[in-house]
Amino acid sequence: MKKTVITSEQSGFFDYVKRVWQYRALIRVLAKRDIKIRYSQTALGILWSVLQPLIAIAIYTVFFYYILGVSSGKVPYPLFVLPGIIGWFQFTHIINAGGMSLLNNPDLIRRIDFPKLVLPLSQVLSGLLEVLITLGLMLILMAAYGYTPSLRIAFVPLFIMLNALAGLSISLWLSALTIKYRDFHHVIPYLISFGIWITPVFYPTTILPDSAEQYMFLNPVAVVIAGLRWCLVEGVAPAWYHFAGFIPVMALFALGYRYFYSVEQTIVDHV
Amino acid sequence: MSDSDVVLKVENLSKTYFSKLQLQKSAKDFFVSSFQKTNSDEGRVDALRDVSFELKRGESLGIIGPNGAGKSTLLKILSGVTYPTSGKVTINGRVLSVLDIGTGFHPDLTGRENVFLNGEILGMSRKEIEEKYDEIVEFSGIHEFIDRPVKQYSSGMYLRLAFSIVVSLDADLLLFDEVLAVGDAEFRNKCQRKFRSLFTSQKSLILVSHNMSDIVSYCRLSLKLNNGAVSFLGPPQTATTLHLENSAFSQKSDSIDKSTHPEPQSAGIKTMDNYLVDAMSLLPKDRSVVQNRIICWGPDETRPRNKQMELNMVSVFSNPSSPEDNILITDQLHIELKGKVHTSTNQLSIGFQIMDASGMPLFNSASIGLQLQGSTFNLTATVPANTLNVGLYQVIIATLNDVNQIIYFDNLEPIYFRTHVNSESAIDKYFIGPMRPAITWTVNH
């Protein structure tokens, strides 16, 4: 017989992690709901997840490659830019949907008892579908250009996970802050629209002056994108010091988790 | 009693809100408040104060109380959605809390998709839902629309589907917040049958409702909250009467509410006995002469009137020699009416309608066939003994004209009266509903 005790004392860190694990089915359910909603009632349905990166490739290629003459080295520009798109789309999906996940689900928060970390986590999970589809698109495109994937492709999941961690760290902060101070709701679009300029999505880091290039990698998404390029097409392997960008991510994650947890205790009274 | 017999134990539960925190919504306040520590009691709301009770397996509890009494807060704590400030709740078994039906429903998804989604959100496994799926759809009765997006549903269909999921779920303790009033009469009957079957299978239920008939028909026990404290715990008949009495005379009830920890029952009963005085004292003094259960209007006062007639006295009484002039359910009930007729229409009658305290009509009668012509009338209507149950009732007086239209009086409020039994015994608590006819039982040979 299950026994539940409710008191004013809240569960500690490890109990909370255990609780999130117990609710893994809910993470899956909410991710599935999210995906279904995203493509329901659209004529093209899931095709959109292929069209969006294709359109992005077309625009970036025309604008940066043909008009501005950004060089992608030996790699054809579309193959160069797609890993950037994969990384950036995944990251922005997590901070956008994850950052709004508490605010967007007041009915669940007010009426169902579950660890609220489930909400941003379900957005991480639902974002993986687009990542997988775009990776498939990448393989097709590589075949079209006559590229054979090397064994380095085995490292792709690592970079996708790092990207998810970076996105989750920020969305923990954004989602918790947005609940208490709606001001942060306005921050997210700025993060996304300005963030792309300091992330090597459509340009290689080599076009930067050497002194600036190393600072670029303080941006964790820059590490992820460089890593994806290295895995999928030729590129410079990320050096160990590139991962330095993940030290602030880990700090953001740890502190963000604590803040999120403290907000969660009173969240019902706020949403 | 072994521990597993108790499905829910609530001990000294309290919850305090500080509305100050809720106001702190902008970043500016965030920075300002980091420098100013606010420790004042300003904006402090005690939503629950020292609430304790126990629920055994197979028991059902209805929670009532005026808005803001802490009913929903209590349910939210029991379902784990929010935490108490102090106190302890122990639940033995699986809880299913339905604070709202259709939680997580999305209008763009089909009925089928929403059934699975909602079920899984409520904590069922996929396998469980698959097993119950046919039962859910069957119960909802919207088979042909199940693969359409729920935004195309009528609101009734939507609620029926959502409710069907909830009632098919399996749990030891079910918590419901104001969700029973869905669907048409047929669907409600289905739900009632379903709920009754829950009790026979040793499931426990906690129900928060404003609909007193739900509480009376589903719950064996009821708990009344007032300003966050338990003011009554006992049979639902008594509690609902108390609740309605307080809301009928809300000005009066404030003073009752403020006695924070009244002894269960005794405090409530006292107000019930004094109800009539309360009711009468609420009538505007300048309008009527109040004498016990008799309301008279002098010639200079605004008498209740309509086009056909006017009243100068209404009296509700039973055997005048009964102790303290109580209306006993074992006595006949008399309604005496005096007044004047203005028109010379032949077929005119005066009548009354008896309603329970919540306003549900029970029966009516009119002086059909009696000649009311001439200028004044003096009539007495007699309701047979053993008709009403113990409780609070209201009576409305109206005129029935020649084409059987009911015409109400201006300046006449419903008149409240309370019925009693001579000596209250334990058995009196088991008579449910507003009516209590004397039923005879015979042994067949």
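**Entry 1: a strand in chain B**

I began with Leu96(B), and found that its bridge partner in strand 6 of chain B is Leu174(B). A note on the source before I go on: this is a predicted model, where local features need pLDDT of at least 70, side-chain atom pairs count only at pLDDT 80 or more, and totals for chains, interfaces and linings use all residues. Residues are numbered from 1 along each chain as its sequence is written, chains are lettered from A and ligands numbered from 1 in the order in which they are written, and side-chain values use heavy atoms, with hydrogens and water left out.

Strand 5 (residues 95-98) of chain B runs parallel to strand 6 and is joined to it by four bridges. Strand 7 (residues 204-208) of chain B also pairs with strand 6 in the parallel sense, over five bridges. Here Asp177(B) stands opposite Val208(B). For my own reference, strands (E, at least two residues) and helices (H or I, at least four) are DSSP runs numbered from the N terminus, and two strands pair if DSSP finds at least two bridges between them.

**Entry 2: where chain B meets chain A**

I moved on to the interface, where 46 residues of chain B are in contact (heavy atoms within 4.5 Å) with 34 residues of chain A. The two chains bury about 3600 Å² between them, 58% of it on carbon and sulfur atoms; this is the accessible area (1.4 Å probe) lost on being put together, summed over both.

I counted two salt bridges between the chains, each a side-chain nitrogen of Lys or Arg within 4 Å of a carboxyl oxygen of Asp or Glu. Glu120(B) forms one with Arg28(A), the closest N and O atoms being 3.3 Å apart. Several elements of chain B supply at least two residues each to the side touching chain A, among them helix 4 (111-121) and strand 4 (86-92). Strand 4 gives the largest share, seven residues.

Last, I checked how strand 4 of chain B meets strand 1 (residues 3-7) of chain A: they run antiparallel, joined by five bridges. Val5(A) stands opposite Thr90(B) there.
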